[in-house]
Amino acid sequence: MQHDINQIKKLNDTHRTAPKLLIIPSAAIRTQMLKTLGDYGVYPLNMSVKTVRELSYDLAEHYIRTSDLTVLDGKGVTDAMTDVLKSLRDKGALTFLHEIEITSGICKALSKTVMELLGWGYLSGNVGLDKIDNDNKRKDIKTIVEAYAQWKKTHGYVDYSDVIEHAIIALEKRKSGFAGSYALEACEFNYQESLLLHKLGMQIGHDSMGTTTLTDKEAHDLRHENIDFFDAYGEYNEVKEVMRRIIQEKIPFDNVLIVSTTNEPYTQLFYQLMQQYTYKNEALDGNRELPITFGTGLPLLMSSPARLLMLLLDWIDSSYGCHALVNIFSSGVFDVGVDQRDSDGVMPKDENRFRRLSVVNVIKNSGITWQKRSYLPALNNHLARLKSKKTDNIKAVKATEWLIKFISESFDLIPEEDKTGTVDVESLLAALKTIVEKYKRIFTAFDSQGLKVAIYELSTTIKGRRVRLTEAIEIIKEHMRDIRIKCESPAPGKIHFTTYRQAAWIERENVFLVGLGADKFPGMALEDSLILDHERMPPMIMSTQRTKKSIDIMDSFIAGIKGNLTCSYSSFDTVENRECYPATLFHRLRKDSNDAKVYHAGFVVSNSEHFIDENDFWLSKGVRYGAILNGIEQVDPEEETEKELLEFAAHIAEQTLSASSLTTFLSCKHKFFLQNVLRLQEIKRQEIDSLGWLSSLEKGSAFHTIFENFLNRVIENPGILDNEEKAIKCIREIAEMEIARCEEELPTASNYHTELQKAEVIEDVIKFAANEVDRASERSVVYAELKFGMDEPMSIELGDGKKLMVSGKIDRVDITKDGNVEITDFKSGSKWGFYNLQSPEDAGITESNAQLAFYYLAIRELARTSNDPKLARLKNIIGMSYQFITAKGDYDVVSLQVTDDSEQCYKTAFIELLEEIEKGYFPAEKGTVRLSGKDKNPSCTYCGYNTVCTYVLGLEED
């Protein structure tokens, strides 16, 4: 960079006020380069700063406009090549390539080869095809180039090589007007570009290997005083370690430059972190994303409108399979509310509003098959069935009516293949544009820009093309994959991310160079798909020269860094499960730094000062100390690091506990450790079963909702229990509303099995209501879902300096006609594990009685401390029960009796339980784990932690 600065200063001083030209390799560096020049005291006066492409278009613009020509971009050249290859194939004009399948990828590769040949002066004789031994291959390449040139002439198009040619002609007719010019040393030029710059008086040449040379350059000095190194377990940890260092060292964001060797996966990983780590800004009234600017932009396909477009293409490409349509509505990028809003943009009330999951359920329940023609008949029949039901589901009806309208309009818009098996590409693009514009969802400014770019891309295509539908879809997808948006310059107060090719002019005090793995830098020397290296005539670039140029650009960038440099690479591929190795450059930099130490960054952070989120904290505290899994009896209290473990384990039991967490500890200590200590989220896999609908968890939640609403109505109006007819009518109405909600929000299976489960739920709640009527004379319900410790944990003093911090809710609390209290917990499963329910007085706290004992102490504490008279009367508890509310549990009741000594006995038992937790011993004991094939235990089979449970994994290995 310093050489460039000196040359620009010299050019500026020599031709102070005269017009000057500065050629740059990329328009993306223009703004930052001028800023950096100003920092060095160089202020270009009357100097045009352009890429050679921009210069060419400026010079040829008059000719193109007056000749009524259209310029082809890269996408347009690929489209043109598709037409050319099809025409040549149909005429039988190809020999070497006569059997090639004409796909979007093939056309893209061939268009690249042709443009390279034209750029190196093939038509003017500067390079030839003489080194190609295969006569048929040489003939085909010549035929394709000539046919492409003729196609452009016939259709009124020009490409970049034509633009340069007309720019050279324009310069020959008139003077350029520039007194002096200079090209940055990072620039690369082909033969045509060199001729153009030669006309401007610049001395551009090519060495024997084909590399553009401007000046003789000395080897770069890569030694740095302030340099650091680390490797990481996967790119995710590499990116996260960068953020840890920025935060731990309190580096101002606008002093940070993150440079990668490749765009992906680093762009997406940093963007995800940007969204994940939001910060509160009171001045701006809300949360703000982590501020990062992206010099190379973000992939268009990350925006929600582009994702919607790709999902629509997948649906069409699957022959309109209903599974692909479900993906569209399940994705969250399709706005089903567009047609529901009124003229003022206001959504209807909730009872009249359907959501995307309602539409998904309509698709699944309507009987649509794989064929396009089945859609409308199946949907119309489904709508008729819904309207014929006495208990009409308004949301399902509205969702079905809307889906019929959407499908009808979409089928009218999207063109079908004609008798020739082709579609008009322009019509397909127009249809997609209409659908995306109407139903897109915009979440961020990035999505807004993505919409504009996606619509522009759908609006610009070569007119009058007809291709097979699958081919048209692939062409559109191929175009969208390469587009990047939201390219930004460095900004105050923001971290800047870019690639090394665009980083040379950005001077920031702290530079993080990521991706220095051998698999990423300097990249593979891939030969051209058509003209191999040994078939190329000088000065055409060889594949090895591309990697050499990459190394030169990187060396120049590193040599210009004046502040702190941190280099990193991913030492493990987490996708392919293999080790990765550093690039040669990484070794060179370490050697120049006297083999500096390489720090390893993984999921577990060793230094507590480097924690940047809760995951770091819990993983470090819980995993790096093996004693947590082996028991703290093995801990040496004198060891400084293990002393921290003792302090940590002592606080585990001080966190807020619920009845379910205590039950978890009693059933599986290791699950308690993962769930309540490490705070890992349990994976709940929701699989669509053709023979089922609601899972056990979902069904239990639905029952609790139904009974809570029913009991609250009974509390308000006890007359509901005057007779079975009134009670059943009330609970049935509540149940049908909850079932309708479940149908809307949860995936349904086949109609037959869904109706079967709905009937089972109705039967169970009717039994419940009838039982309530029978027992109404014995007791009165006073609380349904009684909550405690929700706003702040409730403290229960146990004695011996111990206290239990609790929160939770109790399904129901009743008062008998004698004024005594009964506690009930609903169970929607079987009685397995509850047959021999023992009192804590006899057996201590066990997995089966912990919940009732926990609720007993909670209600006693509420009655003792509450100022509410209604709660204060709950002191005299005489019984606690589990009520099994389904046929699976035989509608049975299992009870525990309470004595005067129960409270003290329960508190003593809970002290022992807390002491057990405080030991920090959380193994997956053999006695608690049983696997399929040998004493299968459902609690392990369906546990969401079995993928990380070391004991289960060990059993599976055995």
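**Helix packing around α8**

Start with the contact between α3 and α8. On the α3 side we have Val52, Leu55, Ser56 and Leu59, and they meet Glu193, Leu196 and Leu197 in α8. By class, the residues of this contact divide into 5 nonpolar, 1 polar and 1 charged. A reminder before I go on: this is a predicted model.

Now the geometry. The axes of α3 and α8, the latter covering residues 191-199, come within 11 Å. They cross at roughly 65°. That angle makes α3 roughly perpendicular to α8. The crossing of α3 past α8 is left-handed.

Next partner. How does α7 lie against α8, roughly parallel or roughly antiparallel? The helix α7 spans residues 160-173, and its axis is 10 Å from that of α8. The packing angle is about 20°. Angles under 35 degrees count as roughly parallel, and α7 and α8 are therefore roughly parallel to each other. Here too the crossing is left-handed, with α7 passing α8.

Who touches whom? From α7 the contact takes in Tyr160, Ser161, Ile164, Glu165, Ala167, Ile168, Leu171 and Glu172. From α8 come Gln192, Glu193, Leu195, Leu196 and Lys199. The contact of α7 with α8 divides into 7 nonpolar, 2 polar and 4 charged residues.

Look at Glu193 and Leu196. Both are on the α8 side of the contact with α3. Both are also on the α8 side of the contact with α7.

**Salt bridges**

How many salt bridges are there in the model? The count comes to 55. I'll pick out a few.

Back to α3 for one of them. Glu54 and Arg30 join their side chains in a salt bridge, at 3.0 Å from N to O. Glu54 sits in α3, residues 52-66, and Arg30 in helix α2, residues 30-39. The two are 24 residues apart, and the pair links distant parts of the chain. Buried or partly exposed? Glu54 has 25% relative accessibility, so it counts as partly exposed. Arg30 has a relative accessible area of 22%, and it is partly exposed as well. The cut-off for buried is under 20%.

Another pair is Asp528 with Arg536. Their side chains form a salt bridge at 3.9 Å, N to O. Asp528 is buried, and so is Arg536.

There is also a network. Salt bridges link Lys108, Glu474, Glu478, Arg481 and Asp482.

**The loop between β28 and β29**

One more salt bridge takes us to this loop. Asp892 and Lys831 meet through their side chains at 2.7 Å, N to O. Why does this pair tie together separate parts of the sequence? Asp892 lies in the loop between β28 and β29, while Lys831 lies in the loop between β27 (821-827) and α29 (840-843), so the linked parts are 61 residues apart in sequence. Asp892 is partly exposed at 29% relative accessibility, whereas Lys831 is buried at 12% relative accessible area.

Ala887 is partly exposed, with a relative accessible area of 45%.

Notes
Residues numbered from 1 in each chain as written. Predicted model: local features only at pLDDT ≥ 70, side-chain atom pairs only at ≥ 80, totals over all residues. Heavy atoms only, no water. Buried < 20%, exposed > 50% of the residue type's maximum accessible area, 1.4 Å probe, protein only. Salt bridge = Lys/Arg side-chain N within 4 Å of Asp/Glu carboxyl O. Helix = DSSP H or I, 4+ residues; strand = E, 2+ residues; numbered from the N terminus. Axes fitted to C-alpha atoms, helices over the stretch in contact; angles between N-to-C directions. Parallel < 35°, antiparallel > 145°, perpendicular 65-115°, else oblique. Left-handed = near helix turned anticlockwise from the far one by under 90°. Contact = heavy atoms within 4.5 Å. Nonpolar A, V, L, I, M, F, W, Y, C, P; charged D, E, K, R; others polar.
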